[in-house]
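Notebook open, model loaded. I am jotting down what I looked up, one topic at a time.

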Amino acid sequence: MDSIAYVNGSFVPLSEAKVSILDRGFLFADGIYEVSAVLDGKLVDNASHLARLERSVGEISLPLPENIDRIIEIQKELVARNKLENGLVYLEVTRGADKGRDFAFPKGVKPTLIMFTSVKDIVNAESARKGIAVITVPDIRWTRRDIKSVALLAQVLGKQAAAEAGAGEAWMIEDGKVTEGGSSSAFILTQDDVIVTRQNGSEILPGCTRKAVVKLAEERQLRVEERAFSVDEALKAKEAFITSASLFVQPVVSIDGKTVADGKPGPMATRLREIYVDFARATAT
Ligand code: PDD
């Protein structure tokens with residue numbers, strides 16, 4: 001059965017959910033998106049995602065067509081209408097559709113706001129038990145990766161290369177260091193038990209899950225260092241893992257076909273995953 005989507009003020013069956021071919025999201029990737037997880041029918045860490053949405057739209061001078069309280073209402077109504085227990089809510093806002101294709105911002109055009117849901121059992125994902133393989137690809141993205149823009153072609157190509165290699169994620173490499181995954185933040189655990197993840201800046205997206213995991217780890221007196229690391233360092237590490245709204249925490253067991261440690265999910269990634277799931281359940285709204 002068709003799920004229900006939201007398009008500019010209306011709830012409609014997904015197959016009937018449409019925007020104009022002149023929509024600037026379609027023509028210019030002139031839009032911002034967010035993905036929030038749903039656990040037991042509730043939104044996980046949603047305030048953090050919506051704070052990032054407000055920041056991203058601010059960085060490209062795109063006014064939100066609805067205020068944040070109304071956006072939360074729409075997200076919740078969509079979850080309820082779809083009877084979604086476990087999965088994701090996808091949200092996208094674009095600069096709308098003008099009468100033609102002019103690069104500069106149009107005047108008097110209302111931004112487009114769409115949302116849809118998907119079913120996903122993130123907690124019981126098999127990949128979390130087995131761990132995932134990653135490959136590395138050059139990071140060919142633009143230099144404002146802190147903005148969660150819908151311009152995702154570099155990630156599409158990277159993740160396609162990963163899929164063709166039988167891997168679950170592509171780690172993007174710039175100047176010899178890992179920036180992040182195609183749709184996740186990258187972590188390692190060094191031999192002296194330091195959790196390392198790249199510092200925020202314009203080189204990476206400030207991951208909401210990354211932020212929560214760093215805080216939860218520090219609260220438990222685990223050592224965290226926010227700095228760049230190389231693939232070589234990751235291959236010498238005790239563990240590697242990734243975080244995102246759609247995966248929570250997932251162990252990485254190989255990089256470019258070479259195993260990380262013994263090639264099995266490590267205890268730290270497994271523990272952080274449990275800690276994150278507990279946090280997600282306890283704070284979901
Ligand atoms: N991607 N880095 C990139 C490039 C991402 O696209 C994502 C999320 C993350 C993790 O961010 P968060 O923890 O806030 O989900 C890091 C989403 C899930 C996606 O594109 O589907």
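Where is the place of Asn8? I found Asn8 in the loop between strand E1 (4–7) and E2. Before going on, I note that this is a predicted model, where local features need pLDDT of at least 70 and side-chain atom pairs count only at pLDDT 80 or more, while totals for chains, interfaces and linings use all residues. Residues are numbered from 1 along each chain as its sequence is written, and side-chain values use heavy atoms, with hydrogens and water left out. Helices (H or I, at least four residues) and strands (E, at least two) are DSSP runs, numbered from the N terminus.

**Positive phi**

I looked at the backbone of Asn8 and got a positive phi of about 45°, although Asn8 is not a glycine. Most residues other than glycine have a negative phi. Asn8 counts as partly exposed, because its relative accessibility is 43%. The cut-offs I use are these: buried is under 20% relative accessible area, exposed is over 50%, and partly exposed is in between (1.4 Å probe, protein chains only).

Ala29 also went on my list, with a positive phi near 55°. I place Ala29 in the loop between helix H1 (24–28) and E3. At a relative accessible area of 26%, Ala29 is partly exposed.

**The six-strand sheet**

In what order do the six strands form the open sheet? I read E2-E1-E6-E5-E3-E4, with antiparallel pairing. Strand E2 (10–13) and E4 are at the edges with a single partner strand each, so one side of each has no neighbour in the sheet. Two strands pair if DSSP finds at least two bridges between them.

I went through some of the pairs:
- E1 and strand E6 (residues 112–119) run antiparallel and are joined by two bridges; Tyr6 has Met115 as its bridge partner in E6.
- E5 and E6 run antiparallel with eight bridges between them; Glu92 has Ile114 as its bridge partner in E6.
- E3 and E4 run antiparallel with two bridges; Leu39 has Lys42 as its bridge partner in E4.

**Helix H2**

I checked the length of helix H2 (residues 46–59). The expected span is 1.5 Å times one less than the number of residues. For the 14 residues of H2 that should give 20 Å, and the end C-alpha atoms are 20 Å apart, which agrees.

Which residues of H2 are buried? I listed Asn46, Ser48, His49, Leu50, Arg52, Leu53, Ser56 and Val57. An α-helix has 3.6 residues a turn, so residues three or four places apart point the same way. Looking for what covers the buried residues of H2, I found strand E3 (31–39), strand E4 (42–43), helix H3 (68–81), strand E5 (87–94) and helix H6 (208–219) among the elements.

I then picked out Ser56, which sits in H2. Ser56 counts as buried because its relative accessibility is 0%. Leaving aside residues up to four places away in sequence, Ser56 touches Ile32, Asp146, Ile147 and Lys148; contact here means heavy atoms within 4.5 Å.

**The ligand**

Which of the 20 residues around the ligand come nearest? I noted Tyr33, Arg52, Glu180, Cys208 and Thr209.

For polar contacts I took pairs of N or O atoms within 3.5 Å. Thr209 has a side-chain N or O atom 2.5 Å from an oxygen atom of the ligand. Ala245 has a polar backbone atom 2.8 Å from an oxygen atom of the ligand. Lys148 has a polar side-chain atom 3.3 Å from a nitrogen atom of the ligand. The ligand taken alone exposes 470 Å², and the protein buries 91% of that (Shrake-Rupley method, 1.4 Å probe).

**Strand E13**

Is strand E13 (residues 239–244) enclosed or open? Six of its six residues are buried, so E13 is largely enclosed by the rest of the structure. In a regular strand the side chains alternate between the two faces of the sheet. On one side of E13 I have Glu239, Phe241 and Thr243, on the other Ala240, Ile242 and Ser244, all buried.

I found five antiparallel bridges between strand E10 (residues 185–189) and E13, where Ser185 is opposite Thr243. E13 and strand E14 (residues 248–255) also pair in the antiparallel sense over five bridges, and Phe241 has Pro251 as its bridge partner in E14. The hairpin from E13 to E14 goes through three residues.

Technical notes: Near = heavy atom within 4 Å. Polar contact = N/O pair within 3.5 Å; in protein donor to acceptor, adjacent residues only side chain to side chain.
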